[in-house]
Every structure is written in C-alpha cells, then in structure tokens.
Amino acid sequence: MADIYLVGVGGQGIITASRVVGDAAILGGENVLLSETHGMAQRGGSVVCTARIGDVQSPLIPDGCADLILSFELLETLRSLCKANRGTVVITSTEKIVPLSVSTQKLKYPTAEEVKIEVERIAKRFFPIDARKLAEEAAVPMSSNIVMVGALAGTGISGLERRHFEKAIEMNIPRWLPENLDAFARGFEATSRWSQT
Amino acid sequence: MLLLGNEAIARGALEAGVAVATTYPGTPASEIGDALARVAKDAGIYFEYSANEMVATEIAIGAAASGVRALVSMKHVGVNVAADALMTFAYTGTRGGFVLVTADDPSCHSSQNEQDNRYYALLGGIPLLEPSSPQECYEMTKEAFELSERLELPVILRTTTRISHVRGPVVVGRIVQGLKRKEFIKDPKRFVTVPAVARARHLVLLERLREAERLSEESHLNKVQRIGTGARIGVITSSAAFNYVADAAKALGVPVDVLKLGFPHPLPNRLVIDFLRSHDRVAVVEELEPILETSVRAVAQHESINTKIVGKADGILPRAYEFDQAIVASGLVRAFGLRGDVAKEAVIDLQNLPVRPPVLCAGCPHSAVYFAVNKATNRKAIFASDIGCYTLGVAAPYNAADLLVCMGSSVGTAGGLAKVNDLPVIAFIGDSTFFHAGIPGLINGVHNGHKFLLMILDNRTTAMTGHQPHPASDTGPSCCNITSVSIEEVVKGCGVRWLRVVDPYDIKTTTETVKEALRQEGVSVIIARRECALIAERDEKGAILKKHEIDQEVCKKCRTCVEKFQCPAISSTNKVQTIDEALCAGCGVCAQVCPHKAIKETR
C-alpha cells in the first residue's frame, strides 16, 4: 500500500504523471485510485492529484497520511506538507513558478534552503531534483514530469516494478518513447542512488 | 482498464446501446461528453454539444420519447436550466431509456454553488441512482437504462466531483449496437401535457413510483456490507460518502454494518426498517443535505422504531463541503462514542505562503479586454459578470466583476443595475455563454429600453471546461453536420443598433470603442474577438507572434505591468520586472501597457 500525493502548477503534466502511476499499478496487479483537483484555471493554478495504491476505497489522502509527496514546484512543496508525517519521503523539482501574488501582494517566495529546512523538520527524506535539467539532457524538455515519475519509481515506495512504469509510459505517451524512457531513467537513478546511501 | 468515472459512464452508455447523447459542458461532467464526442462516429451514435442544458435535455427527450435510448449529461447547476423540461417529462414518461447524469460539486471546486441535486429526484418523482466508484459508474449507467425502460420513467444518475473525477480500474464488456432510429408513435393523451393530460399523468407517475419503490427494495444496488464482524452499529450511506465510511471504519478498527444505497430514491423502506431494527444505533452519513437522514427518520417514526438515529441533526457531520476519510472518521467517533484520535495537528502554517489562485493565462485576450475597460472607465463602472474563464477578472488588478449569479446573468442583471444606478453598467459574457443563456436577456434589454454595454468576449471556444465547440464554431463532433452561427447576426437580430467588433490585443482601439459605446443610448454591444491563447498555441498559430522582453535600461520600475495588468509570464522580484520567455505567449499587450515603451519584441 502506498499513498502518493502529487502537487504542482497547472500545465506541468501532473495529471499525465498520475495516470502513468495508475497504469503502472494496474500492470503490477494492484488496485489503485487516482483523483485530481484543478479548480477553474486552465493554466497556472495549484493542481493536486492523489494516487492510492492498495486496498482502499476513497481517493483522497487524509492530512498527515502521504507516504510519498511528489512535488513539481518548490513553493507547492511547502503547501503539500500538510499531508506529510515523520515517515514521508518528499521529492521536489527545484523548478520555481513564481505566482502573481508574489508580484502583486509583495509576498515572499521561499528559498530552496527554506524549503529544505521545513521538509526535513516534518518529513523523513528530502530529494530535490533538477527535473528540467534532466529532461533537457534526455532531449525532451517537456518531459520533466516523466523525470519526476522516474524519481518516484526510484524510491521503491510504490512497491511497483520498473518495467511496469516503463510500460505505462509507453501506454500514455507513445510519442518520443526512447527519449521519455531516458528521462524516466535519469529520474530513477537520481533517487535510487540516494536511496541506497 | 483504468477509467475516469465520467469515462466509465460514457462506456456504460455505449454498452447499453445508446442512440443519442447530448450535453452542455460543465465541470465536473465535461468528460462524459468529450469521451462520447471522440467515438461517436465510429460507434454509430449521435452526439452533440447542445446550446444549453435545456436544449440538450429536449433533444434527448425527443429521441427517447420515440423509443431509442438517450443520455444527457451536465453539471449540477445545468439541471436548473434543464429542470423545466425534466419535471414534466416525468409525467409523460419515456419509451426508450432516458438517463440524465448530474455531476454535483460539493466544496464548489469549480462551481458557483454546491446544491444537492438529489432533491431533483424527489421534486420530480424521478428514480435516482448513485454510484460510488468508476466501476459502479459503468454498471449503473447500464442499469439506469434498463430501469428507465422498465418503469417508462426518466432516471437520474448522480455523481459528485469525487466520483466523476476519480480514475480507477473498470472491467468492461462489449459495446452493443442499439436501436438507432424509431418511428414516433403519436399519443397526444400521453405526450401533450395540456392540463387535462397532465392531471391524468400525475397519477400515472405516482403509480410508477410505487413500482419503482418495489424495484428499489429488490435491487442489488441497495445492500448491506459488513466491515468486520459482530457489529452492533450501523451506517446508512450512498455515493462518495460510502468510500469514506469504508476506509474510516477500517482505520478505526471498528466493525460496522453499512447499508449502501446505490438506488436511494425511491427509498427501499423495508430494507431500511430491517436495518434499523437489527442495530442499536445507526448513523446516516451523506454529503451536503440530510436527505437520506430525513427519510430514514420519517420511516422510523412511522414504524415506531426506537433505534437511535444520528446524523446532521445531531451535528456529527457538516452540511457544507465535501467529506474526506478524516471528517467521516471523526463523525463516526462522535456518533458511536468510539475511542480514536482522528484529528491531526497542523504541521505547517500555510497562512504565510504566497497563494496561487487560478489566473488568466499568458496571452489571454480577456486580460487585454479588462485592462482596456479599466482604462476607458477609470474603474468608474459597475461590472455584471458571467460564467467562464473571464470570471477570473474578478481578482486584482482588474476587479472586473461586481455581480454574478449564473449562466447568462450578466445581461439580465445589467438591465436591473442600470435602472437604479448612476454609474455606467458593463456586462461581460463569453461566446458560449452568450448562446447558452445571454440571448433572451439581450432581447429583453433592447425591447425594454435598458441602457448598458454588453461585451461579448469571443475566444472562439468553450475554454474553461476544456475547449468544447459552441454554436459559432465551424467544426464539431464528426457525427454532426455543423453550421457556424454568426454572433454578429444574432446580436443584430436581437434588435441591437450599435455593434462593434474589436481585436482585444489592440488596446488603443478597444479602449476608444468602449468609451464610444458608453456614450450611446440603449443597449450597445462590443464583440471582443481573439482566439483563446491555448488554442492558438496548440494549433501553432502563435508562431506568428513574437516573444517579448523588458529592456531594463529603459524600464522605470513603475510596476504598471504587474499592478494594472496581469500576465503569468511577467514577474517582479527584488523590484525588477522580467518576462519569462518560456511562458510568454507573444500577444504584445504588455508592450502597449508599458507607459515607457520598455517592452519590446525579443530579437
């Protein structure tokens, strides 16, 4: 059983990432429920997806109950911590998308160091990942969401096998498959290497 | 396969051999229609995006009254629009299966209210099914058609956001080709509801409801599920609440018997009576209104059952917003005096984090309109807004919405506002919303001599719900023979004498046109026409547009571009304004907004 909480900003491919996780779970013979909350905006608002793998019936993850938080944006990482506990692993893309409220209401966007301190105060592990850079190295700048799926898979927390994720990527994004699998591999290595240390 | 609840409903309809399906898009129902639109031609069904929910319902009624199966889907507030047709269709009844899907939105994730549409089933005397999972969405859609034909009544299938927008495993069957055409057999004593017919048909409806109750008693959709063994306590529940009950009971480690009602109206009275009699204490767990609770209490009173019933009347569960596992767990703890600490302490203070509310996209033509209108009026105007992406103009810096209640309300309320206010009144309505509910208000304004400016924000699509077509579109589902209806011709046909069409990316012309419009007597109309920036980007029409940058040597740091204009690509950090090239849509509006000509095309 694993409760995975995916957060970020509209337009980052979070819903696609959650579908890859869902299909990987089905391929792995597990029950899975996905939910998505994206409010009114087509782009630019906070997006929350949940993936609950295992014997569950309700799709939402109660506060403090996520096993893994996969955050696609630095500020949203802080917002997601209401779902974290002492055992939670937090993977965050270091990408920053500055909301308009920072400009208009003169609010402060947190630094990477502040996010790290806050995550480590509450959760078990913190994995910052430069997903955009890894995606560019894989020659598909659009695929930072797949890098993040790779990082999720690399931790082993989902209990699913690598090949199931790879097959799920093929099912969901048939275009640019070798490049996307490369992006997945780069994300996978980023956390599997750290997981062993 | 892994299906969204909405996709599972579409699949169920195809397997039920549906012939005609209609919708007006609205979150969280939109994906039902979108899924059917994609496959309509291949599946040999007729699907259309109708002008509004009333028309969508009437199309489906025409088909079902003839004897084929018809599905109409909409968001909860859409049923308010469709209700006039639906209430009386229950009197005539149907020949072919007729299923109306209402997707409710507890917590108003993307809606103007969180009304509980189960009341429509009670109000109209219409059987109601409520699935709890994507698998049940699929199965109950098929059952709904069977039930509708057996009872010759319309059936309501009600979901909520957490049913429609949950993706889960669904085991599907084979798609069946149902009857696609059927000669309408005339029967005016049934289908023409003049008063004499209506009076007779009401009795028929009541008789059918008694039959429906018998089916509800026998239905496998209403069943007791045991979580753990030896439970003395019981829960009566339906829809999404059932899932939270199941997970909460497991988390609390308490055995509970659950009467899950997938077919809650008409209420299976005998089943409820037996359940009450066999438990010491029963909680009714349902989101929003205490509808089951009130019915269950009525049954208990009628049967003189002493079982303690707890629910919203006792304050154990809230009447507003959607539930989750924690809310239901805490409700169960209070209902049954259980031990269990379910409240988590806040581990992080979210108050000081910069908020990320929904915003208009980079390159959004609505942004340009609102900037121009504020410039033209110096913010001395009253803004009657409407339902669509453009409602987001309510936020700073535009503050371009003062009154909004429903689809089409901009035009009607503008007339009322203008009658009693001195400030000029400007109504904003989207292209799709104009066709949906704006036209009668416009005709009324012209006829009764109201004075206001109506701005039709024409981005050539129904953007907020996922870019569905509307009557002015020149393409649509491949099964439809599409004709584009001209907004200009409709406006003129409504009797409007002063009409202009502007490109909102041209700030100067738009501003001057608004000023001129406000000098007119009667109703003036401006169509601000520019394709949705996301469509332009998708179709790569944006390639002709040039990305922009701020020349920091020319920039006077006056902050006009972030305080009077709003673009997600422009940010201001450490007092320096910059444009994120990756986000810039190249609309060039910011270059017109900047008073110092510091924003230029990127070389």
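How far apart do the C-alpha centres of domain 2 of chain B and domain 3 of chain B lie? In this predicted model, the separation between these two centres is 47 Å. The domain assignment, which is automatic or taken from a database, divides chain B into domain 1 (2-218), domain 2 (222-336), domain 3 (365-541) and domain 4 (545-601).

Residues are numbered from 1 along each chain as its sequence is written, while chains are lettered from A and ligands numbered from 1 in the order in which they are written. Because the model is predicted, local features need pLDDT of at least 70 and side-chain atom pairs count only at pLDDT 80 or more, whereas totals for chains, interfaces and linings use all residues. The pLDDT, the predictor's confidence in each residue on a scale from 0 to 100, averages 95 over chain B, with 98% of the residues at a score of at least 70. For the model, ipTM is 0.94 and pTM is 0.96.

We turn next to the sheet. An open sheet of chain B is built from five parallel strands in the order E14-E15-E16-E18-E17; helices (H or I, at least four residues) and strands (E, at least two) are DSSP runs numbered from the N terminus, and two strands pair if DSSP finds at least two bridges between them. E14 and strand E17 (498-502) of chain B each have a single partner strand at the edges, so one side of each has no neighbour in the sheet. On average, neighbouring strands are turned by 20° against each other, direction ignored. Helix H14 of chain B packs on this sheet, where it touches strand E15 (425-430), E16 and E18, and its direction makes about 155° with that of E16(B). Such axes are lines fitted to C-alpha atoms, for helices over the stretch in contact, and the angles run from 0 to 180 degrees between N-to-C directions. Strands E16 (residues 452-458) and E18 (residues 523-529) of chain B run parallel and are joined by seven bridges, with Leu454(B) opposite Val525(B).

Most residues other than glycine have a negative phi, and most peptide bonds are trans. Asn378(B), however, has a positive phi near 55° and sits in the loop between helix H14 (365-377) and E14. The peptide bond from His265(B) to Pro266(B) is cis, with omega near 0°, and the bond from Ala396(B) to Pro397(B) is cis with omega near 10°.

Finally, there is the interface. The contact involves 45 residues from chain A and 43 residues from chain B, two residues being in contact if their C-beta atoms, placed from the backbone, lie within 7 Å. Among the elements giving two or more residues to the chain B side are strand E8 (166-169) and helix H10 (239-252). Strand E2 (residues 32-37) of chain A pairs with E8(B) in the antiparallel sense over two bridges, and Leu34(A) stands opposite Arg167(B).
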